[in-house]
Amino acid sequence: MTQNPVEKTPVTLLGLGAMGTALARAWLAAGHPLTVWNRSPARAAVLAAEGARVADSAAEAVTANSLIVTCLLDDASVGEVLDGTDLADRDLVNLTTSTPAQARVRAEWARERGARYLDGGIMAVPPMIGVPEAGGYVFYSGSRQLFERHRATLGVPAGTTYVGEDPGFAALHDVALLSAMYGMFAGVAHAFALIRKEDVDPASLAPLLADWLVAMAPAVHQTADQLRSGDYTKGVVSNLAMQVAGTPAFLDTAEQQGVSPELLTPYFELMRRRLAEGSGEEDLTGVIDLLVRGKASTGQGDRP
């Protein structure tokens with residue numbers, strides 16, 4: 001006797017931009033019945049040829065299945081698209097980029113309409129979706145029970161990482177990681193600017209730069225350990241006083257190379273402010289407390 005194949009969870013997907021289309025194709029390729037809707041019908045028509053059912057309206061798409069996934073332009077778009085739809089007893093998974101505060105408000109908004117809610121932050125670009133070896137994943141936060149119910153389906157397009165019951169945590173983790181990425185890009189931009197007028201091939205600097213950034217990345221673990229313990233002198237190799245003393249060389253080099261120091265000076269100023277508080281033996285971790293407005297003192301690393 002042959003067993004019946006495992007029934008795949010039907011999915012409704014609202015929003016077919018580049019990311020939404022990639023999500024749709026991943027679910028279709030995995031055999032999930034898929035209903036789609038998009039403001040621009042042409043995008044949906046392409047997926048119809050690949051097996052998706054195209055709804056004439058967002059309301060019709062929501063009615064079609066219990067699992068509703070939104071991947072729209074912004075939080076306001078979510079409210080506009082779902083306005084007037086019947087969300088009662090639906091599982092709403094919002095993969096639209098938003099802020100933590102918006103996600104928390106949207107979770108309450110969904111609850112008031114009888115829906116269960118998960119928020120998501122996609123840590124991938126469209127070409128990584130449906131390609132497990134690419135390493136893309138999605139942060140999820142909100143109902144743990146809801147996450148577990150749909151973990152297998154949500155894991156089809158990309159990996160899943162659950163970060164807590166607070167519906168704002170997915171967006172918080174998303175923005176935290178992307179903020180670090182932009183900080184890295186700022187450093188990379190400054191590095192390439194320094195050699196721009198010299199007879200240095202950018203392609204020769206690139207592997208050196210990439211290897212250096214990889215070598216520095218594990219420092220985040222020491223920073224986390226120091227924040228947890230409150231001891232910012234723990235495991236310090238190059239202390240704050242030493243690093244502040246070295247900053248003029250960076251600024252002088254930038255001036256000599258005709259490069260604006262505007263990507264470096266804000267961080268250097270934070271370092272100098274922290275040093276002025278008498279924290280010269282610390283690591284650079286103390287600048288974090290300067291960034292957190294109104295942070296109360298919680299450990300020996302914190303100064304008034």
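Residues are called partly exposed here when their relative accessible area lies between the limits for buried, under 20%, and exposed, over 50%; the structure shown is a predicted model.

**View 1. The salt bridge between Glu60 and Arg53.** The side chains of Glu60 and Arg53 meet with an N to O distance of 3.1 Å. Because its relative accessible area is 27%, Glu60 counts as partly exposed, and Arg53, with 42%, is partly exposed as well.

View 2. Glu148 is partly exposed at 35% relative accessible area, as are Arg144 at 37% and Arg151 at 35%.

**View 3. A network of salt bridges.** Asp89, Asp91, Arg116 and Arg149 are linked in this network, and the count of salt bridges in the model comes to 16.

**View 4. The largest pocket, with a volume of about 2,200 Å³.** Its lining comprises 45 residues, of which Leu213, Met216, Ala219, Tyr267 and Leu284 lie nearest the centre. Helix 7 gives the most to this lining, with 12 residues, and by class the lining residues divide into 33 nonpolar, 11 polar and one charged.

**View 5. The second largest pocket, with about 220 Å³ of space.** Residues including Met19, Cys71, Thr96, Ile122 and Asp174 line this pocket, and helix 7 gives the most to the lining, with three residues. The lining has nine nonpolar, two polar and one charged residues.

Conventions:
Residues are numbered from 1 along each chain as its sequence is written. This is a predicted model: local features need pLDDT of at least 70, side-chain atom pairs count only at pLDDT 80 or more; totals for chains, interfaces and linings use all residues. Side-chain values use heavy atoms; hydrogens and water are left out. On a 1 Å grid over the protein atoms alone, a cavity is a set of points where a 1.4 Å probe fits but cannot get out, and a pocket is an open set with protein on both sides within 12 Å along at least five of seven lines; lining residues have an atom within 4 Å of a point. Grid points are joined across faces, edges and corners, and a volume is the space filled by probe spheres set on the points. Helices (H or I, at least four residues) and strands (E, at least two) are DSSP runs, numbered from the N terminus. Ala, Val, Leu, Ile, Met, Phe, Trp, Tyr, Cys and Pro count as nonpolar, Asp, Glu, Lys and Arg as charged, and the others, Gly among them, as polar. A salt bridge is a side-chain nitrogen of Lys or Arg within 4 Å of a carboxyl oxygen of Asp or Glu. Buried means under 20% relative accessible area, exposed over 50%, partly exposed in between (1.4 Å probe, protein chains only).
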